[in-house]
Amino acid sequence: MTEQQLTHIDEHGDVRMVDVSQKADTERVAVAEGFIAMNPATLALIVEGKAAKGDVLACARVAGVMAAKQTSSLIPMCHPLNITKAKVECAPVEAGEREDGRVGIHVTTTCGVTGKTGIEMEALTAASVACLTVYDMCKAVDRGMEIMDVRLLKKDGGKTGLWEREA
């Protein structure tokens with residue numbers, strides 16, 4: 001490829017699902033992250049296990065895994081994948097831990113597959129839905145929460161090999 005091209009657009013400009021039938025199966029891994037900022041009092045409720053709806057972080061982890069498995073149902077041109085790994089980690093971030101001073105929950109997701117196409121969208125979807133779940137479970141006390149910094153950190157496997165976000 002001498003120029004960048006959008007693989008989901010055909011020669012006529014129409015969207016399409018990429019044909020991966022001739023590609024070899026390889027191990028593929030993607031890592032993504034997201035952050036949900038909130039009031040310190042909301043974070044305290046989560047950390048202390050006092051949220052009215054229950055264990056916020058456990059629910060967010062499960063929701064993220066479920067979302068990874070449903071990505072092709074949500075993103076039109078995504079291939080359905082037989083995911084081999086989906087891990088969601090949720091870590092409280094206290095005042096002073098981020099450069100911007102915001103507090104909240106930092107979500108990191110890792111998804112894996114042995115297949116013909118990448119798993120970046122599954123990792124990104126897992127991070128997004130985990131953050132959305134935190135919002136849902138805490139919105140009664142903090143409607144001003146903000147979901148931010150959802151991005152791919154790393155992908156490995158396939159024809160393009162390893163890509164890592166620079167710090």
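Colleague: At 35% relative accessibility, how does Asp 136 count?

Modeller: Asp 136 counts as partly exposed, because its relative accessibility is 35%. Buried means under 20% relative accessible area and exposed over 50%, with partly exposed in between (1.4 Å probe, protein chains only). This is a predicted model, where local features need pLDDT of at least 70 and side-chain atom pairs count only at pLDDT 80 or more, while totals for chains, interfaces and linings use all residues. Residues are numbered from 1 along each chain as its sequence is written, and side-chain values use heavy atoms, leaving out hydrogens and water.

Colleague: Where is Asp 136 found, and which annotation covers this residue?

Modeller: Look in helix H4, residues 120-138. Helices (H or I, at least four residues) and strands (E, at least two) are DSSP runs, numbered from the N terminus. In an unreviewed UniProt entry, the annotation "active site" covers Asp 136; such annotations may be inferred rather than shown by experiment.

Colleague: With which residue does Asp 136 form a salt bridge at 3.7 Å?

Modeller: Side chains of opposite charge can pair when their charged atoms come close. The rule asks for a side-chain nitrogen of Lys or Arg within 4 Å of a carboxyl oxygen of Asp or Glu. For Asp 136 the partner is Lys 53, with the closest N and O atoms 3.7 Å apart. Lys 53 lies in the loop between helix H1 (40-47) and helix H2 (56-69) and Asp 136 in H4, so the pair ties together parts 83 residues apart in sequence. A network of salt bridges links Lys 53, Asp 136 and Lys 139.

Colleague: How many salt bridges are there by this rule?

Modeller: The count is 9. Among them, Arg 98 meets Asp 100 at 2.8 Å, N to O. Arg 98 also meets Asp 149, at 3.1 Å. This second pair links distant parts of the chain: Asp 149 is in strand S4 (residues 146-156), and Arg 98, 51 residues apart from it, is in the loop between strand S2 (85-93) and strand S3 (103-115). Asp 149 counts as partly exposed, because its relative accessibility is 37%. Asp 100 is partly exposed too, at 42%.

Colleague: Over which ring does the charged end of Arg 98 sit?

Modeller: That ring belongs to Phe 35, and its centre is 3.9 Å from the charged end of Arg 98. For this feature, NZ of Lys or CZ of Arg must be within 6 Å of the ring centre and within 35 degrees of the ring normal.
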